[in-house]
Amino acid sequence: VSVVCSSALNRSLLEFNITDTGQILDKVREIVIETFQKSKEEVKDGMDISLCCLNLATRELLWSGANNPLWVIRNKTKSLESFKPDKQPIGKSENPTPFYTNHILLEEGDCIYIFTDGYQDQFGGEKGKKFMAAKMKEMFINNYENSMSEQKEIAFNAIQNWKGQLEQVDDICVWGVKI
């Protein structure tokens, strides 16, 4: 699904010239479904995604999510703002609706984070439990004033220490930008 989705993202941008993140996800879903319909076997798999388009000149962020949220830490208030995704994947789903495009104005010092669910779903700690979103949010809030390279190191070390000798259960991708 990832390879088909990656190709569909490229086509949406380059071939169809779509720049609105919600419309991009709508087109990606359409292309993915068309591609899988050509297969001899029925494919019921889908993909979760967060998609951003950031205008650095205006500090406007367009964001859409398929089951994956966006977190923004506001520098002024030192608080984390969570933007909820559409509760549907890229791929076939019951009662699909158009993906919503959030328009978010950012200020200097704000940090934005998108990520797969692999980080918070990683098992570890003394009791072999999941890392969980609350612990991830706390880590970001406590460290957002650091440089992004320092935050990367902190997040990497935190998950390595958490999982210890346990296997990594899923892909882990965390992407952050400081304005």
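Which residues are linked with Arg74 in a network of salt bridges? The network joins Arg74, Glu81 and Asp110, where a salt bridge is defined as a side-chain nitrogen of Lys or Arg within 4 Å of a carboxyl oxygen of Asp or Glu. The model examined here is predicted, so that local features need pLDDT of at least 70 and side-chain atom pairs count only at pLDDT 80 or more, while totals for chains, interfaces and linings use all residues. Residues are numbered from 1 along each chain as its sequence is written, and side-chain values use heavy atoms, with hydrogens and water left out.

Side chains of opposite charge can pair when their charged atoms come close. The structure holds nine salt bridges, and one of them brings together the side chains of Asp110 and Arg74, with a distance of 3.1 Å from N to O. Asp110 belongs to the loop between β5 (102–105) and β6 (111–115), whereas Arg74 belongs to strand β3 (residues 70–74), so the pair ties together parts that are 36 residues apart in sequence. Helices (H or I, at least four residues) and strands (E, at least two) are DSSP runs, numbered from the N terminus. Asp110 is buried, with a relative accessible area of 2%, and Arg74 is likewise buried, at 16%; in these terms, buried means under 20% relative accessible area, exposed means over 50%, and partly exposed lies in between (1.4 Å probe, protein chains only).

Empty space inside the model was examined next. Rolling a probe the size of a water molecule over the atoms shows where empty space is left. On a 1 Å grid over the protein atoms alone, a cavity is a set of points where a 1.4 Å probe fits but cannot get out, and its lining residues have an atom within 4 Å of a point. Grid points are joined across faces, edges and corners, and a volume is the space filled by probe spheres set on the points. A search of the whole structure finds one cavity of 30 Å³ or more, and the space in the largest cavity is about 30 Å³. The residues that line the largest cavity are Met139, Phe140, Asn143, Gln151, Ile154 and Ala155, and the elements that give two or more residues to this lining are α3 (133–143) and α4. By class, the lining has four nonpolar, two polar and no charged residues, where Ala, Val, Leu, Ile, Met, Phe, Trp, Tyr, Cys and Pro count as nonpolar, Asp, Glu, Lys and Arg as charged, and the others, Gly among them, as polar.

Val169 is found in the loop between α4 (148–163) and β9 (174–178) and is partly exposed, with a relative accessible area of 46%. Gly164 is found in the loop between α4 and β9, and it counts as partly exposed at 38% relative accessibility.

The backbone was considered last. Most residues other than glycine have a negative phi, and most peptide bonds are trans. Arg59, although it is not a glycine, has a positive phi of about 60°; Arg59 lies in the loop between β1 (49–55) and β2 (60–66) and counts as partly exposed at 33% relative accessibility. Lys78, also not a glycine, has a positive phi of about 55°, and this residue lies in the loop between β3 and β4, where Lys78 counts as partly exposed at 47% relative accessibility. Thr77 is found in the loop between β3 and β4 (79–83) and counts as exposed, at 53% relative accessibility.

Technical notes
On a 1 Å grid over the protein atoms alone, a cavity is a set of points where a 1.4 Å probe fits but cannot get out, and a pocket is an open set with protein on both sides within 12 Å along at least five of seven lines; lining residues have an atom within 4 Å of a point.
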